[in-house]
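These are my notes from looking through one structure, entry by entry. I wrote down what I looked up and what I found.

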Amino acid sequence: MNLQFNRHRRLRSSETMRSMVRENFIRKEDLIYPLFIVEGENIKKEISSMPGQYQFSLDQLEIEMKVIAQLNIPAVILFGIPDHKDDLGTEAYNDNGILQKAIRQIKASHPDILVIADTCLCEYTDHGHCGMIEHDCVINDESLELLVKTAVSQAKAGADIIAPSNMMDGFVAAIRAGLDEKDFENIPIMSYAVKYASAFYGPFRDAADSAPRTGPFDRKTYQMDPANRLEALREMQSDIDEGADFLIVKPALSYLDITRDVRNNCNLPLVTYNVSGEYAMVKAAAQNGWIDEKRIVIEQLTSMKRAGADMIITYFAKDVAKWLSED
Ligand code: PBG
């Protein structure tokens, strides 16, 4: 026989050979771990739809941060859940609010860990929307003022990076100008530039108590339609033009094509958010013994890197950091 074909299997013959030709990796440096902070004392409450993830009061957060530091996780992203919510989300920009306290506490005990502040109003408003409501509409420009106040307050508390997730138009321009005006021109903006109106955020809304409680009962007038691809490039371009330093694509797994599109069309550091529903599905299957959790998680995160993400926000960060140091 004199067949002509390529022997691809030559490069798969052993683990040593495979690791030599491997193209994508997860590193600890790629990981960002989300944390939910509540008021009160001695609270470490597991989120029922996110096994292994908790709401922490400040004292418990201190203990958790030691674990995160030991695992060499470089960055955390913080979500605050205040006791008091109102229509303007005033606790979001209270210099003594729960998130501001958490930022100050982490920077005091772990100055080397990057603290990313999620800048949004939905955890702070009684209606659960990411902006101000008027006549059942989420109004854009008035909301920007509150978001700027929130970002400035977070920067004052010591946040290293501001991560606006609210999807109001012009939020990067407004926050950049607001930060610069208060001499925070060196604080980068990690923009949730491409954020879809996704059912995969369900468990997060339990964790952050942030589901819309008055009409409109979804976020479809400000977050993107999952059916759209070109729109992602428009959202990306606006945030680049407005001065974003990092871009986020969210969610991760059903949107790997979008991550690739954004990677091919911009040169900013790119982040993908492996969201709560993606975490919950893997956990549920793993708890039933239906899948090999470690292999599934590594495969999923590697696919995000392969799609073009540089960093990954993931509830699996602690597990992955442990696995990486074991291997
Ligand atoms: C706040 C925000 C949300 C998430 C991150 N920031 C929820 C939402 O937009 O409803 C979701 C994260 C996750 O599901 O893990 N706007």
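**Cis peptide bonds.** I began with P216, which I found in the loop between α6 (202-208) and α7 (230-242). In this predicted model, the peptide bond that joins G215 and P216 is cis, and I noted an omega of about -10 degrees for it. I then turned to P251, which lies in the loop between β10 (246-250) and α8 (256-265).

**Positive phi.** Next I looked up backbone angles, since most residues other than glycine have a negative phi. D136 is not a glycine, yet I read a positive phi of about 65 degrees for it. I placed D136 in the loop between β6 (132-134) and β7 (137-139). Is D136 buried or exposed? Its relative accessible area is 52%, and the cut-off for exposed is over 50%, so D136 counts as exposed.

M167 sits in the loop between β8 (161-164) and α5 (171-181). With a relative accessible area of 4%, M167 is buried, whereas D136 is exposed.

**Cysteines.** How many disulfides does a search of the whole structure find? I recorded zero. I checked C122 in particular, and the nearest cysteine sulfur, which belongs to C120, is 3.9 Å away, so with a limit of 2.5 Å for a disulfide C122 is in none. For C130 the nearest cysteine sulfur is again that of C120, here 3.5 Å away, and C130 is likewise in no disulfide. I also looked up how covered these residues are: C122 is buried, with a relative accessible area of 5%, and C130 is buried too, with a value of 1%.

**The largest pocket.** I then looked for open space and noted that the largest pocket has a volume of about 440 Å³. Which residues of its lining are the closest to its centre? Of the 16 lining residues, I listed E15, R22, N24, I298 and T302 as the closest. The elements that give two or more residues to this lining are α1 and α10 (293-307). Of the elements, α10 gives the most, with four residues.

**A nonpolar patch.** On the surface I found a nonpolar patch formed by M1, L3 and F5, which together have about 450 Å² of accessible area. F5 belongs to the segment before α1 (15-21). I looked at F5 on its own and noted that F5 is partly exposed, with a relative accessible area of 49%.

**F200.** My last entry is about F200, whose place is in the loop between β9 (190-195) and α6. F200 is partly exposed, and its relative accessible area is 24%. How far apart in space are F200 and R213? They are 13 residues apart in sequence, and from C-alpha to C-alpha I noted 18 Å.

Key
Residues are numbered from 1 along each chain as its sequence is written. This is a predicted model: local features need pLDDT of at least 70, side-chain atom pairs count only at pLDDT 80 or more; totals for chains, interfaces and linings use all residues. Side-chain values use heavy atoms; hydrogens and water are left out. Buried means under 20% relative accessible area, exposed over 50%, partly exposed in between (1.4 Å probe, protein chains only). Patches are made of residues with over 30% relative accessible area and no salt bridge: like charges are joined within 9 Å, nonpolar side chains (Val, Leu, Ile, Met, Phe, Trp, Tyr) within 5 Å. Accessible areas come from the Shrake-Rupley method with a 1.4 Å probe; for residues, only the protein chains shown count as cover. A salt bridge is a side-chain nitrogen of Lys or Arg within 4 Å of a carboxyl oxygen of Asp or Glu. On a 1 Å grid over the protein atoms alone, a cavity is a set of points where a 1.4 Å probe fits but cannot get out, and a pocket is an open set with protein on both sides within 12 Å along at least five of seven lines; lining residues have an atom within 4 Å of a point. Grid points are joined across faces, edges and corners, and a volume is the space filled by probe spheres set on the points.
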